[in-house]
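Please look over the sequence and the 3D structure before reading on. The briefing below goes through them topic by topic.

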Amino acid sequence: MAHTDHPTTKGQAWFCTTGLPSDIIIEVEDMTFHLHKFPLMSKSRKLHEMITEQETNASNSKIQKLTERDNDCDGDEEIEEEEEDQQYCISLPDFPGGSETFETAAKFCYGVKIELSSLNVAPLRCAGEYLEMTEEYSEDNLISKTERFLSQTVLKSIKDSIRTLNSCKNILPLAETLGIVQRCIDAVAVRASAADPSLFGWPVNDHGPGNGVEVNTRRKGANRGGSMDSWFEELGHLSLPLFKRLISAMKGRDLSSEVIESCLMYYAKKYIPGISRSSRKTLSSSIPSENEQRELLETVITNLPEETSSRTSTATRILFGLLRTANILNASEVARAALERKIGSQLEQATLDDLLIPSYSYLNETLYDVSCVERILGYFLNGLEQRSTARNQGEEENISVRSTVLMLVGKLIDGYLSEIASDNNLLPEKFCELAVALPDQARLFDDGLYRAVDVYLKAHPWISEAQREQICGVMDCQKLTLEACTHAAQNERLPLRAVVQVLFFEQLQLRQVIAGTLMVADVAPGEIPRQSIMDDGEGGEQEETTGVVGVARALEGSSTWRKTVRDNQVLRLDMDSMRTRVHELERECSTMKKAIQKIDKVGKHGSNGSSEGGGGWRKKLGCKFKTQVCDSHEPTVVEARKGRGHRHQHQQ
């Protein structure tokens with residue numbers, strides 16, 4: 001087409017005005033193109049053959065008409081007029097890329113300069129193949145032009161490769177045959193594996209992963225994998241089949257697990273609502289159907305790497321979001337088990353809010369899915385045991401880190417027990433199973449466990465005495481602090497046996513405190529000043545200096561020592577009063593033992609939960625403790641997470 005040509009569109013018709021009337025009409029989808037046969041035939045072998053065929057048919061028809069009108073001169077003139085006005089019509093119903101792509105290909109045939117991009121290069125490459133616009137037929141044709149752009153521009157950039165891959169979804173049969181799809185997938189996998197993993201900022205936060213990636217890319221000035229500042233957004237436009245193939249290729253390249261996990265999480269958040277609690281909306285304007293969401297979710301879960309070097313609370317939070325969504329969508333048991341195992345491997349990064357998974361099954365009467373948390377805890381403990389076995393076989397692992405992780409999970413589970421303890425439908429057996437699932441070294445003190453026990457007993461006043469003792473049996477009275485022991489000794493909800501144990505171990509703790517204090521008070525006087533004076537070396541001039549320093553230190557030490565002696569005298573008086581208190585506790589404990597023996601002789605009497613098991617036994621045993629309600633005790637023992645506790649009380 002010359003520079004004076006002006007292609008125009010009128011309704012569903014496309015005209016090329018060159019000063020000459022169009023002699024061929026090509027129909028693509030619902031668009032009609034009024035063109036000229038010579039420019040098209042010069043570039044496309046297929047159009048050349050189709051136009052030639054129509055011209056041959058027209059010539060045969062002309063010969064036939066001439067034969068019929070040999071003796072009619074006027075008929076010859078009519079035939080010549082028909083030939084001048086004749087337009088050939090060609091229909092291309094299955095043209096790859098549709099009318100828009102054909103329009104660009106037609107402009108190329110007319111010699112108009114076209115702008116190739118990552119979005120139109122694949123359809124134009126397929127159009128060139130369809131129209132047979134090869135280099136052998138015409139120099140610098142459409143196929144060679146698009147192939148150069150693909151190899152030299154598109155496949156060198158992750159972002160452009162994903163865009164081109166996405167543009168293939170409507171031309172898949174031909175694009176697959178030409179290898180465009182596989183080449184784009186391989187290019188993304190290769191470029192991503194060659195890039196620095198630190199550029200792919202985990203976590204995929206609520207604002208999308210692009211923020212972290214953009215910041216890291218700009219800060220480091222890296223461009224090793226092409227333009228990577230926003231290719232996550234392009235990834236979200238892929239159809240699920242293409243996305244599956246891309247992830248499979250990434251895993252085949254041994255790509256960093258953080259990169260694969262980031263891609264999966266972003267894709268899931270784009271199309272599945274409810275994964276993030278802070279944002280219930282999807283990043284996509286169109287929400288897939290429930291079956292499509294289930295298929296997508298299972299694909300994401302199946303492809304999640306088992307181990308990742310980067311374990312953050314945000315990553316764990318998103319995993320819990322996937323688990324809640326899997327329960328809502330009723331995903332397969334295999335997918336949910338894989339997700340629970342993944343969460344169990346990094347349970348120390350979870351928060352209490354993460355563990356509060358609502359129970360979506362009609363089979364569970366409890367408010368929260370306790371069985372799910374129990375399974376996750378089991379996966380966590382199995383993982384610790386396996387890592388411990390590997391360490392014994394030669395792998396080095398920091399034991400203190402392992403203990404810290406175990407204690408973090410212990411604190412987390414104690415908080416979870418306190419939350420679910422107020423559920424009226426939580427059975428005592430279920431509570432005990434979860435409480436004793438952790439090993440002893442997971443808890444330095446059992447104060448948190450005691451709080452959960454107290455909340456459970458308060459919320460379940462109807463349970464039997466045997467069940468109360470079963471509930472209290474999950475905690476170790478020896479691991480309660482003095483503050484918790486003091487509270488437990490006055491707790492009317494605890495059974496008699498538990499209170500006796502608490503009093504006994506409280507007495508032992510007081511004895512240990514007294515013994516340690518007396519050892520400090522019995523330090524021989526004069527040791528510290530004497531060591532200060534005799535610390536200096538020997539020698540001529542050094543002896544004089546040493547003598548002066550020694551006298552100064554002795555004077556200073558003597559004044560300090562007199563103050564220490566006075567403090568010790570005050571301390572001894574305090575110890576005397578503490579001894580008196582201990583003797584009183586021993587007498588009270590002895591009285592309680594005798595009373596218990598009398599009760600055992602008489603036999604068990606009174607119904608479960610009667611006043612005999614509540615405050616009556618205190619009067620019989622002559623205990624002088626003041627009754628005190630658990631909730632009014634010090635906040636450090638019983639009122640942690642006060643706001644959440646009030647919420648559960650209202651729910652009762």
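The model is predicted. The protein has 652 residues, and 44% of them are buried. Its secondary structure consists of 29 helices and five strands.

**Overall make-up**

- Among contacts with a separation of 6 or more, 70% are between residues 24 or more positions apart.

**A pair of helices: α12 and α14**

- Two packed helices are described by the angle between their axes and the distance between the axes.
- Helix α12 covers residues 240–252, and helix α14 covers residues 290–303. Their axes come within 11 Å and cross at roughly 0°.
- Angles under 35 degrees count as roughly parallel, and α12 and α14 are therefore roughly parallel to each other.
- On the α12 side, the contact is made by L240, K244, I247 and K251. On the α14 side, the residues are E295, L296, T299, T302 and N303.
- The residues of this contact of α12 with α14 divide into three nonpolar, three polar and three charged.

**Aromatic rings**

- The whole structure holds seven aromatic pairs.
- One of them is F95 with Y130, whose ring centres are 5.3 Å apart. Their planes are at 80°, so this pair is edge-to-face.
- F95 is in the loop between β5 (88–91) and α4 (98–109), while Y130 is in helix α5 (residues 121–131). The pair therefore ties together parts that are 35 residues apart in sequence.
- Both F95 and Y130 are buried.
- F95 and Y130 also belong to a cluster with F33 and F102, linked by ring pairs.

**A buried residue in a helix: Q509**

- Q509 is part of helix α24 (residues 496–521).
- The relative accessible area of Q509 is 16%. Buried means under 20%, so Q509 counts as buried.
- Apart from its neighbours within four places in sequence, Q509 is in contact with Q478, L480, T481, L482 and C485.
- Q478 is 31 residues from Q509 in sequence, and their C-alpha atoms are 8.7 Å apart in space.

- Most residues other than glycine have a negative phi.
- D140 is not a glycine, yet it has a positive phi of about 55°. D140 lies in the loop between α5 and α6 (142–152).
- With a relative accessible area of 39%, D140 is partly exposed.
- N330 is not a glycine either, and its phi is positive at about 55°. N330 is located in the loop between α15 (313–328) and α16 (333–344).
- N330 has a relative accessibility of 53%, so it counts as exposed.

**An exposed loop residue: L427**

- L427 is found in the loop between α19 (399–420) and α20 (428–435).
- Is L427 buried or exposed? The relative accessibility of L427 is 53%, so it counts as exposed.
- L427 and H460 are 33 residues apart along the chain, and 9.6 Å separates their C-alpha atoms.

How values were computed
Residues are numbered from 1 along each chain as its sequence is written. This is a predicted model: local features need pLDDT of at least 70, side-chain atom pairs count only at pLDDT 80 or more; totals for chains, interfaces and linings use all residues. Side-chain values use heavy atoms; hydrogens and water are left out. Axes are lines fitted to C-alpha atoms, for helices over the stretch in contact, and angles run from 0 to 180 degrees between N-to-C directions. Helices (H or I, at least four residues) and strands (E, at least two) are DSSP runs, numbered from the N terminus. Angles under 35 degrees count as roughly parallel, over 145 as roughly antiparallel, 65 to 115 as roughly perpendicular and the rest as oblique. Contact means heavy atoms within 4.5 Å. Ala, Val, Leu, Ile, Met, Phe, Trp, Tyr, Cys and Pro count as nonpolar, Asp, Glu, Lys and Arg as charged, and the others, Gly among them, as polar. Buried means under 20% relative accessible area, exposed over 50%, partly exposed in between (1.4 Å probe, protein chains only). Rings of Phe, Tyr and Trp (its six-membered ring) pair if their centres lie within 6.5 Å; planes under 30 degrees apart count as stacked, over 60 as edge-to-face and the rest as tilted.
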